[in-house]
Amino acid sequence: MNIAYWIVAGLLTLFYSYSGTLKVSRSRDQLRPMMAWVDRFPLRALRALGAVEILGAIGLVLPPLTGIAPSLAPAAAIGFVLLQIGAIAVHLTGEDRRIALNVGLTATAAVTIWLATAR
């Protein structure tokens, strides 16, 4: 279970670190080809979302690694499930109906919650 947690949490950490860094550092024009929904939100909201993704990625790895407040890891994974539920809603209410990645990320975060609490 421990190895499975680190594999799944590591993959989520890589994805959300990358995605969050893009949202924090790139302009709306640079994000638009990858994320068709960026025009529907203020730039500050995009930056905040990127910061939340980066902090969540840190929350998946750092607490179990250090042993300090390890209960934050499942909390971060729960946050990612909620984030993806919101993302699915945004995609379905807009013109971009592609939600396969969001469904996969939701499932991966749910598995991470289970692995984090089953250890």
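**Questions on a predicted model**

Me: Leaving aside its neighbours within four places in sequence, with which residues is Asn102 in contact?
Reply: Asn102 is in contact with Gln84, Ala87, Ile88 and His91, where contact means heavy atoms within 4.5 Å. This is a predicted model, in which local features need pLDDT of at least 70 and side-chain atom pairs count only at pLDDT 80 or more, while totals for chains, interfaces and linings use all residues. Residues are numbered from 1 along each chain as its sequence is written, and side-chain values use heavy atoms, with hydrogens and water left out.

Me: Why does Asn102 count as buried?
Reply: The term buried applies under 20% relative accessible area, exposed over 50%, and partly exposed in between (1.4 Å probe, protein chains only). Asn102 has 8% relative accessibility, so Asn102 counts as buried. Its place is in helix α5, residues 100-118.

Me: What makes a polar contact with the side chain of Asn102?
Reply: The side chain of Gln84 does, at 2.7 Å. A polar contact is a pair of N or O atoms within 3.5 Å; within protein, one must be able to donate a hydrogen and the other to accept it, and residues adjacent in sequence count only if both atoms are side-chain atoms.

Me: How many helices and strands does the protein have?
Reply: The protein has five helices and zero strands, and the pattern along the sequence is α-α-α-α-α. Helices (H or I, at least four residues) and strands (E, at least two) are DSSP runs, numbered from the N terminus.

Me: What radius of gyration would a compact globule with 119 residues have, and what does the protein have?
Reply: The globule would have a value near 14 Å and the protein has 15 Å, which agrees. The radius is taken over C-alpha atoms, and the globule rule is 2.2 Å times the number of residues to the power 0.38. Along the principal axes, the C-alpha atoms fill a box of roughly 40 × 25 × 15 Å. Buried residues make up 37% of the 119 residues.

Me: Is Glu53 buried or exposed, and how is that known?
Reply: Glu53 has 4% relative accessibility, and therefore counts as buried. Glu53 lies in helix α3, residues 43-66, and its side chain makes a polar contact with that of Ser19 at 2.9 Å. Beyond neighbours within four places in sequence, the contacts of Glu53 include Tyr16, Lys23 and Phe80.

Me: Why is Ala57 called buried?
Reply: The relative accessible area of Ala57 is 1%, so Ala57 is buried. This residue also lies in helix α3. Leaving aside neighbours within four places in sequence, Ala57 is in contact with Thr13, Tyr16, Ser17 and Phe80. Ala57 and Pro33 are 24 residues apart in sequence, and their C-alpha atoms are 24 Å apart in space.

Me: What makes Met35 buried?
Reply: Met35 has a relative accessible area of 10%, so Met35 is buried. Met35 is found in the loop between α2 (28-31) and α3. Its C-alpha atom is separated by 9.8 Å from that of Lys23, twelve residues apart along the chain.

Me: Why does Ala69 count as partly exposed?
Reply: Ala69 counts as partly exposed because its relative accessibility is 37%. Ala69 sits in the loop between α3 and α4 (72-93). Although Ala69 is not a glycine, its phi is positive, at about 50°.
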